[in-house]
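Open the model in a viewer and keep the sequence beside it.

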Amino acid sequence: SEKFSEELIDLIRKRYPKALQGDIGQHAEATTAVAVAMGGLLAFSFRLNGEVLGRTTLQSVVKTIIENASAIDAKGAEIIRKSLPPAH
């Protein structure tokens, strides 16, 4: 997992070199590209595994994003938590 994360960050640096330096345009483009890929994975999860497991996968993804955001920037993670819609 750590190796994959490093490879993904390297790819972001290659395709969007200013994204991790605060360039809002490249940051938005990189975030969109990652979101599109995640959306595809989640769509397959829902279609192939059903709604219950798909939701579980989605919740796991969000939890993992927040946990990792907390490890990198606690204040940023708190903003993410407050920005999420209430759970149903």
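**Start at Leu 58**

Select Leu 58: leaving out residues up to four places away in sequence, Leu 58 touches Leu 42 and Phe 46, where contact means heavy atoms within 4.5 Å. The model is predicted, so local features need pLDDT of at least 70 and side-chain atom pairs count only at pLDDT 80 or more, while totals for chains, interfaces and linings use all residues. Residues are numbered from 1 along each chain as its sequence is written, and side-chain values use heavy atoms, with hydrogens and water left out.

Leu 58 is found in helix α3; helices (H or I, at least four residues) and strands (E, at least two) are DSSP runs, numbered from the N terminus. Is Leu 58 buried or partly exposed? At 35% relative accessibility, Leu 58 counts as partly exposed. Buried means under 20% relative accessible area, exposed over 50%, and partly exposed in between, with a 1.4 Å probe and protein chains only. For a distance, pick the C-alpha atoms of Leu 58 and Lys 82: these residues are 24 apart along the chain, and the atoms are separated by 18 Å.

Move to Phe 46, in helix α2. Phe 46 has a relative accessible area of 31% and is partly exposed. Beyond four places in sequence, Phe 46 touches Glu 51, Gly 54, Arg 55 and Leu 58.

Ser 45 counts as buried, at 8% relative accessibility. Which residues is Ser 45 in contact with, leaving aside neighbours within four places in sequence? They are Gly 50, Leu 53, Gly 54 and Thr 57.

**Along α3**

Show α3 alone and look at its length. Its 22 residues should span 32 Å at 1.5 Å a residue, and the end C-alpha atoms are 31 Å apart, which agrees. The expected span of a helix is 1.5 Å times one less than its number of residues.

Colour Gly 54, Ile 66 and Ala 69, which are buried in α3. They are on the same side of α3, because they cover an arc of only 110° around the axis; the arc is that of the directions from the helix axis to the C-beta atoms. Turn to the face away from the buried side of α3, where Val 52, Lys 63 and Ala 71 are exposed. Bring back α2 and α4, which are included in what covers the buried residues of α3.

**The largest pocket**

Display the largest pocket, with a volume of about 1400 Å³. Among its 30 lining residues, Leu 8, Ile 9, Ile 12, Val 34 and Ile 65 are the closest to its centre. On a 1 Å grid over the protein atoms alone, a pocket is an open set of points where a 1.4 Å probe fits, with protein on both sides within 12 Å along at least five of seven lines, and lining residues have an atom within 4 Å of a point. Grid points are joined across faces, edges and corners, and the volume is the space filled by probe spheres set on the points.

At least two residues of this lining come from each of α1 (2–15), α2 (24–49), α3 (51–72) and α4 (74–83). The largest share, 9 residues, belongs to α2.

**Zoom out**

Of its 88 residues, 12% count as buried.
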